[in-house]
Amino acid sequence: MLDLFTIFSKGGIVLWCFQSTKQIFTPSVNALIRTVILQERTGNQSFDHDSLTLKYKLDNEFELVFVVAFQKILQLSYVDKFLNDIHLEFRDKYKEDLRHGRYFQEFEFTKSFQKVLQMAEDWGRSQAKMPKQMRTFEESLKSKKTVSSMIERKGDDKENKQKKVKITEPAKVEKLITPPSSPTPNGNEISDDILIQNRLRLAQKMSSGPKKKEKKSPKPSKEGKKPRVWELSGSPKDATNLDRSKDKPEDATSEFTPESNLVGRMVGGIRDLEVESDSDDYDDDEEEEVQSTQNNKPAAKSGGVFSMFRGLVGSKNLSREAMQPCLDKLRDHLISKNVAADIAIKLCDSVAAKLEGKVIGTFETVASTVKNTLTESLVQILSPRRRIDILRDAVEARKQGRPYVMAFCGVNGVGKSTNLAKICFWLIENNLRVLIAACDTFRAGAVEQLRTHTRHLNALHPPDQHGGRQMVNLYEKGYGKDAAGIALEAINHARETKIDVVLVDTAGRMQDNGPLMIALAKLVKVNEPDLVLFVGEALVGNEAVDQLVKFNQAMADNSSSANPHLIDGIVLTKFDTIDDKVGAAISMTYITGQPIVFVGTGQTYTDLKSLNAKAVVHALMK
C-alpha cells in the first residue's frame, strides 16, 4: 500500500529507504523539501505532489525527517499511527548512533519496518470494522448551549406587554373644593375661606366668557415640484462638453508645474523599507529577566510577545502539551497583527513542529529559542524563492528586440492605476521608455486618470531631456472594448516603436465575479506578459487569502495550457496606513509563495519601496 518510506537527515543524508515500486520519487521528495521544509511550512504534515500524497514527521532532537508516500486516491487511516510508531522504533534502536552523529553506516531496519507496518495495517483494518460511534453529548452542539437559553419564558413577554400598556385616566373635571365631612366647631358646614375661594373661581370663569375660534389664514395652493436644472446634465447639447475620450484644446495647452524635487530620487533599485531596530526590544526582555534573577526579585511584566514563553521549564525535551498555552497566545498575537486566522494557526503549528523534542538547557534559552525559531520562519516565508529584477529583465528584453510586459490585476479600489504610475516613474527615472495600455474599459474615468498621469510624468521628464523622445505614452481605445485585444495591440505597437516596457492596467474585479475572472485569464493567456502582479491592500486580513486563492484558481481553470501563467508577484499598497499591523504581507506571501515586489507607502510618485523582510518581522513581533 505504501509506495515509499525514507529516513534522511536535515543535512541531506539518507539513512534508510524502502520502495515498493519502480516509480521515481525524487521530484516529489525534492518538492516536499523545497516547498515545505525549507519554506517553514511544516504545520500541516501532509503534502500533495502530482498523484502522490506525502506525509512526514520531524525529529528535532536528532534533526531527522521521516517521509512516507502513497497514491493520492488511497485513504489510508493508519499512516499517522505508522509514522509515530516507526519514529519511536528507529529512535530507540539507534539512539546512541544518532546522538554521536554516526550516520554513515548501514542501518539494519527492514525487519523492524515490516513489523511496525504490519501492526499499523492490522490496527487500520480493526478500526474500519468497528461501527461508527455516535457523538457524545459533550461533543454535540447542544452541550454548548446553556440551560437558561433553552427555557421559553412566556410569562416575561406578557409582563413586558402589560408594562408597556399605558393606563389612561379619565379627564379630570375641575371641582370646587369641598369641606371635610366632619362639622366645624362653629356648626357651619362650609368655612368662610373656602367660600371666598369658590366665588373667585366662579368670577374668573364668568369674566373669561366663551373662547373664540381664531380664523386661520388660508393655505396657499400647492404647486407641483419643479425639477432642478443641473449644469452639464447629459442633454444632447452637453454631449460635446462631457465627451472626455479625447483631449480638449484647453487640456493640451494646460501646463503642469512639475515638482522638480522628485526628479532623480528613484535612480537605480527601489529603496528598502526603513528598519528602526532589529533586536532592541528582544534584548530588553532578556536583560530584564537576567537582572531579576541576579537580584532575586521577580521581573516586571513586559509587553513583548516572547514574555509568554518564560513559563516553560528548561532542562528537558519540549513537548506539544507544554507549549500549547504559549502557542495559543502567539496565535492570538498574530491575528491581532492582521494575519489571517488560518495562516496564524499554520505558523504556530510550524513553530511547534520545529521546537518539539528539542532539549532546552536554561530558562533564558527557551525564550531565545522560540524567538529565533519564529523569526527564522517568518523571514524564510517573506524571502522570495526567486529574485525579480525588473530593470535587468527589461534591458535583456530590449536586447532581444521586444518590450518587457507587466500586467496588473486586483480587486476594486486597491490602487492599481496609482501604483502603476509610481512604477512608471521609477522606470523612466532609469531611462526606460514606457507604454501604458489602458485596458480598464469598464470603470468611468479610468482612461482619463491614466491620461492625467501620462501628462504629469512627461512634465517631470520632458522630451528635450531625453533626446526628443517622449518617455511615457498612452495606448487607449476608449470604453467597452475587449481588454485582451487592446493589450495585444499595445504590445505590437511598442515592438514597432521600440518602446522598452509595457504596463497593462486592467479593470478591478471581485474574486467571485466569474465573467470578469474569465476575461482576466484570457488577457494573460493571449498576451503572455513577463510579469503578472497582484495589487492588494495592506489593510485586509482574511480577505487577502480568499482573493489570492481565487485569482490564481481562476487563471488556472480558464487556461488551456498545461502550465498556466499564475500570479508572479504582489504589490502591497497603503502600507503607510497600518502602523504595525503588517499581517497581510505574511498572509499573501504564505498563500502564493510569491514575493512582494513593491510596497506603496504614500501619495507621491516616489512613495514606492521594496519589502524588507526584517522590517516586517520586527513590526510583527512588537
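## Briefing: a predicted protein chain

Strand β3 pairs with strand β4 (residues 52–59) in the antiparallel sense, over four bridges. Two strands count as paired if DSSP finds at least two bridges between them. The model is predicted: local features need pLDDT of at least 70, side-chain atom pairs count only at pLDDT 80 or more, and totals for chains, interfaces and linings use all residues. Residues are numbered from 1 along each chain as its sequence is written, and side-chain values use heavy atoms, with hydrogens and water left out.

**The sheet around β3 and β4**

- Phe 47 stands opposite Leu 54 in β4.
- β3 and β4 belong to an open sheet of five strands, in the order β2-β1-β5-β4-β3, with antiparallel pairing.
- The edge strands, each pairing on one side only, are β2 (14–19) and β3 (46–49).
- On average, neighbouring strands of this sheet are turned by 20 degrees against each other, direction ignored.
- Helix α2 (residues 79–93) packs on the sheet and touches β1 (4–9), β2, β4 and β5 (64–71).
- The direction of α2 makes about 40 degrees with that of β4. Axes are lines fitted to C-alpha atoms, for helices over the stretch in contact, and angles run from 0 to 180 degrees between N-to-C directions.

**The whole chain**

- The protein chain has 21 helices and 15 strands. These are DSSP runs numbered from the N terminus: helices are H or I with at least four residues, strands E with at least two.
- Of the 622 residues, 43% are buried (under 20% relative accessible area, with a 1.4 Å probe and protein chains only).
- Among contacts (heavy atoms within 4.5 Å) with a separation of 6 or more, 73% join residues 24 or more positions apart.
- The accessible surface comes to about 36800 Å², and 52% of it belongs to carbon and sulfur atoms. The areas come from the Shrake-Rupley method with a 1.4 Å probe.

**Confidence**

- Mean pLDDT is 79, and 77% of the residues reach 70 or more. pLDDT is the predictor's confidence in each residue, from 0 to 100.
- Among the elements, helix α10 (residues 280–294) has the lowest mean pLDDT (43), and strand β11 (residues 501–505) the highest (96).
- Over residues 157–188 the pLDDT is below 50, and this stretch has ten contacts beyond near neighbours in sequence.
- Residues 275–302 also have pLDDT below 50, with 33 such contacts in the model.

**From the record**

- UniProt, in an unreviewed entry, places the feature "domain: SRP54-type proteins GTP-binding" at residues 595–608. Such annotations may be inferred rather than shown by experiment.
- The end C-alpha atoms of residues 595–608 lie 16 Å apart, and the span is 0% helix and 43% strand.

Key:
Buried means under 20% relative accessible area, exposed over 50%, partly exposed in between (1.4 Å probe, protein chains only).
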